[in-house]
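Colleague: I am new to this structure and would be grateful for a guided introduction. May we begin with its open spaces?

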Amino acid sequence: MRLRLTLATVFLAVFSSQSLAVAEPLSWAGCGITKKAFMAELASAYQKKTGIEIVLEGGGAAKGIRRVGDRSVAIGGTCRPKLIGRTDEMRTRLNPVAWDALTVIVHPDNPVDNIELEELQALYEGRITNWQQLGGPDRPVDLLIRRGKLSGVGRILRELVFNDYDKTFISEHVYKSSGPLEEAVENNPNAIAVTGVSSSKKRNVKQLALNGKIPSYENIREGEYLLYRPLYITFNPAHPRYREVRKFIDFAHTRTGRDIIRRAGSVPYLDALNLVRQQR
């Protein structure tokens, strides 16, 4: 009888530990734009399907690559590729899940509706300082930028607009991450900034057309809007929970996952594979 009880106790202990392991959350870190674009909705749907929670932490694209690389988190997100030659990014792998775009945002009351690519270049080089130069009122332009040159927005903006990763932007309004930058635009009638289109849709800001094209789903999908870029889920095959991470990535690419991404305001990666050829 005692042997039976002992075996039963061992079985229950093993079963309980396995159940706890299955229910343990997955930790995610990465760029705020990817987080706002689709991760919150995707993580919520995945938890309903599997019972596994994904705990989201922002912090930027570099964190989404490097913390996955050192296995301090199980999964991450980035809106820029890995940097060549950076040993702290070598171990991380990137899986493209969605297409986003860089969008120029202003306060909702700003009367300007469009900006030309040449004007955007002049703005970041400090040659445009008054809204009259953009067809607006006689007011100073407050250009809001991200700190450093390695953020997802900052690096892709330098690549697509200037073809120069080391380009210096001229501004006194510098922000640590995209969230505070977007919030500042909501509250400053003179502000202008560039951020991700998906996250900006969830803010009280106005998106400007670029060269006459708005950053709509259709324009991004067809490559008609110029400043598009992939959003990635990052992972490390050496992480002990890699199999669970892989299941989440597979879920993101299912019809259900793509519907969630689409409803959240992004273009699923598989919806616009033609953009891969155009980028090349």
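Modeller: In this predicted model, the largest pocket is lined by Gly 59, Gly 60, Ala 61, Ala 62, Arg 66, Arg 146, Arg 147, Leu 150, Ser 151, Lys 176 and Ser 177. These lining residues divide into three nonpolar, four polar and four charged.

Colleague: Is Glu 182 buried or exposed?

Modeller: Glu 182 has its place in helix H6, residues 178-187. Its relative accessibility is 1%, and the cut-off for burial is under 20%. Glu 182 therefore counts as buried.

Colleague: With which side chain does the side chain of Glu 182 make a polar contact?

Modeller: Leaving aside neighbours within four places in sequence, Glu 182 is in contact with Lys 36, Ile 105, Thr 195, Ser 199, Ser 200, Arg 203 and Val 205. The polar contact made by the side chain of Glu 182 has a distance of 2.7 Å, and the partner is the side chain of Ser 199.

Colleague: How many residues are in the largest nonpolar core?

Modeller: Phe 38, Trp 99, Leu 120, Tyr 124 and Ile 192 touch the most other members of that core. A second, separate core of eight residues includes Ile 105, Val 185, Ala 193 and Val 205. For the largest nonpolar core, the number of residues is 68.

Methods. Residues numbered from 1 in each chain as written. Predicted model: local features only at pLDDT ≥ 70, side-chain atom pairs only at ≥ 80, totals over all residues. Heavy atoms only, no water. 1 Å grid on protein atoms, 1.4 Å probe; cavity = no way out; pocket = protein on both sides within 12 Å on 5 of 7 lines; lining within 4 Å. Nonpolar A, V, L, I, M, F, W, Y, C, P; charged D, E, K, R; others polar. Helix = DSSP H or I, 4+ residues; strand = E, 2+ residues; numbered from the N terminus. Buried < 20%, exposed > 50% of the residue type's maximum accessible area, 1.4 Å probe, protein only. Contact = heavy atoms within 4.5 Å. Polar contact = N/O pair within 3.5 Å; in protein donor to acceptor, adjacent residues only side chain to side chain. Core = buried A, V, L, I, M, F, W, Y, C linked by side-chain atoms within 4.5 Å.
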